[in-house]
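Welcome, and please take a moment to turn the model around before reading on. The paragraphs below walk through it one part at a time.

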Amino acid sequence: MCECVECVKDSNGWRMRSNVAPLFLTGRNYGPTIRVQRIAESKGCNQVLWLLGNEEQITEAGTMNCFVHWINEHGEPEIATPPLLGTILDGVVRKSALELARSWGTHEVRERSITMADVKKAVEEKRVGCIFGIAAVSDMRVQWHSLFFR
């Protein structure tokens, strides 16, 4: 069953810095996220959508790896996930999801930069199937903007 994950976006704080043990789950990776998670909850959201840089590159939602199932800019069905840039844990869940998606042979599966502008444009053009982490997402609220993918 798909469940809506409501997110507040954050590009001012950080989920994990590349110089802080990115290959391991440690308190130093998650401790700084507590304050921002509390802000998200105070706004009625259950996760933080972690963005990187001025381009607002999507990295993770809470501690979930993000994936986008869409028709890309070239008209191809694609499952995309942010690349490992030292801020995303290269874990077994991410690897398994990529391997499984590639085994289907029905979509291009890419590790690529995904920005909020990319997602907004794709939503406006009705090219987004879903954005998912642990569970599939059919609706997502980013700050005060609702994006519906139906």
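Which residue just after H4 takes a positive phi? It is Lys-126, with a phi of about 55°. The model is a predicted one, so local features are described only where pLDDT is at least 70 and side-chain atom pairs only at pLDDT 80 or more, while totals for chains, interfaces and linings use all residues. Residues are numbered from 1 along each chain as its sequence is written, and side-chain values use heavy atoms, with hydrogens and water left out.

Let us start with the whole protein. Its secondary structure comes to four helices and eleven strands; helices (H or I, at least four residues) and strands (E, at least two) are DSSP runs, numbered from the N terminus. Of the 150 residues, 42% are buried, where buried means under 20% relative accessible area, exposed over 50%, and partly exposed in between, with a 1.4 Å probe and protein chains only. The accessible surface is about 8,500 Å², and carbon and sulfur atoms account for 55% of that area; the areas come from the Shrake-Rupley method with a 1.4 Å probe, and for residues only the protein chains shown count as cover. A contact means heavy atoms within 4.5 Å. Among contacts between residues at least 6 apart in sequence, 62% join residues at least 24 apart.

Now follow the chain into helix H4 (116–124). Thr-115 sits in the loop between strand S7 (108–111) and this helix. With a relative accessibility of 11%, Thr-115 counts as buried. Leaving out residues up to four places away in sequence, Thr-115 touches Glu-55, Glu-56, Gln-57 and Ile-58. One of these, Glu-56, lies in the loop between S2 and S3, and its phi is near 55°, a positive value in a residue other than glycine.

In H4 itself, the buried residues include Met-116, Val-119, Ala-122 and Val-123. Looking down the axis of H4, its buried residues fall within an arc of 130°, so they line one face of the helix; the arc is that of the directions from the helix axis to the C-beta atoms. On the other side of H4, Ala-117 and Glu-124 are exposed. As background, most residues other than glycine have a negative phi.

In soluble globular proteins, nonpolar side chains tend to be buried together. Apart from neighbours within four places in sequence, Trp-70 has contacts that include Pro-77, Ile-114, Val-119, Ala-122 and Val-128.

How many aromatic pairs does a search of the whole structure find? The search finds one. Phe-67 and Phe-132 form this pair, which is stacked, at 5.2 Å centre to centre with 10° between the planes. Rings of Phe, Tyr and Trp (its six-membered ring) pair if their centres lie within 6.5 Å, and planes under 30 degrees apart count as stacked, over 60 as edge-to-face and the rest as tilted. Because Phe-67 lies in strand S5 and Phe-132 in strand S8, the pair ties together parts that are 65 residues apart in sequence. Phe-67 is buried, with a relative accessible area of 4%, whereas Phe-132 is partly exposed at 22%.

Our last stop is helix H3 (residues 92–104). Arg-94, Leu-98 and Ala-101 are its buried residues. They cover an arc of only 70° around the axis, which puts them on the same side of H3. These buried residues pack against strand S4 (64–65), S5, strand S6 (77–81) and S7. On the other side of H3, Val-92, Val-93, Glu-99 and Ser-103 are exposed. After H3 comes Gly-105, with a positive phi near 70°.
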